[in-house]
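Please study the sequence and the model before reading each solution.

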Amino acid sequence: MEKSGIIEGPDGRCRCFWHQNLPDYIRYHDEEWGRPVTDDRRLFEKICLEGFQSGLSWLTILRKRENFRAAFASFDFEKVALFDGTDVERLVADAGIIRHRGKIVSTINNARRAIELRDEFGSLARFFWSYEPKPEERPSVVDLEHLRANPTTAVSVRLSKDLKKRGWTFVGPTTVYAFMQAMGLVNDHIEGCCIREETEALRTDLVRP
């Protein structure tokens, strides 16, 4: 990896370093990460999977994502909210996902909290996008040094505290910031990444919920 945090891929395009030039990771980097999302189910899925990722690599979760979707009713939080103790035991026994009882129970809890949040705000998207950082809260240049120095931000701390106050679990500020990066609430593609301008154009054109 160059000091810039940018590496050249097998196709000759320059990207953020973290995809390691692995084909499935490159696809995720190019086609998903940082693109703005306003779909409630996708937002719920991502914040749950970020919770599962805690202590692991995102690549591990990404490669199990279809298994997670099958196990958790495609992250339809109305359905997950109805899971009971039998479902917990089923999920703990499911070798296709991360069999962490606390994180499984947390996902069911958070589904119930998601319904409350949707009922209060009209959508999860409206709530989460209300935490989009203001321009003055963003760095003038997004580079490797900035990202390494800021695994959390003042905004992710505020959002984490708000979610915890509402009963959500496994939503610490680092987890929440990773969620914000992935769902496009911020554009943290490093300067010089071939996807950065495309992502920023999508954010500019986005109709906020």
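**Exercise 1.** State how many residues line the largest pocket, and which lie nearest its centre.

*Solution.* A pocket is an open set of points on a 1 Å grid over the protein atoms alone, where a 1.4 Å probe fits, with protein on both sides within 12 Å along at least five of seven lines; lining residues have an atom within 4 Å of a point. By this rule 25 residues form the lining, and Trp18, Trp33, Trp58, Ala178 and Gln181 lie nearest the centre. Among the elements giving two or more residues to this lining are helix H2 (40–53), helix H3 (58–71) and helix H10 (173–182); helices are DSSP runs (H or I, at least four residues), numbered from the N terminus. The largest share, six residues, comes from H10.

The model is predicted: local features need pLDDT of at least 70 and side-chain atom pairs count only at pLDDT 80 or more, while totals for chains, interfaces and linings use all residues. Residues are numbered from 1 along each chain as its sequence is written, and side-chain values use heavy atoms, with hydrogens and water left out.

**Exercise 2.** Determine how H2 and H3 are oriented.

*Solution.* First, the axes (lines fitted to C-alpha atoms over the stretch in contact, with angles from 0 to 180 degrees between N-to-C directions) come within 10 Å and cross at roughly 130 degrees. Therefore H2 is oblique to H3, as angles under 35 degrees count as roughly parallel, over 145 as roughly antiparallel, 65 to 115 as roughly perpendicular and the rest as oblique. Next, residues in contact have heavy atoms within 4.5 Å: Glu45, Lys46, Leu49, Glu50, Phe52 and Gln53 in H2 meet Trp58, Ile61, Arg65, Phe68 and Arg69 in H3.
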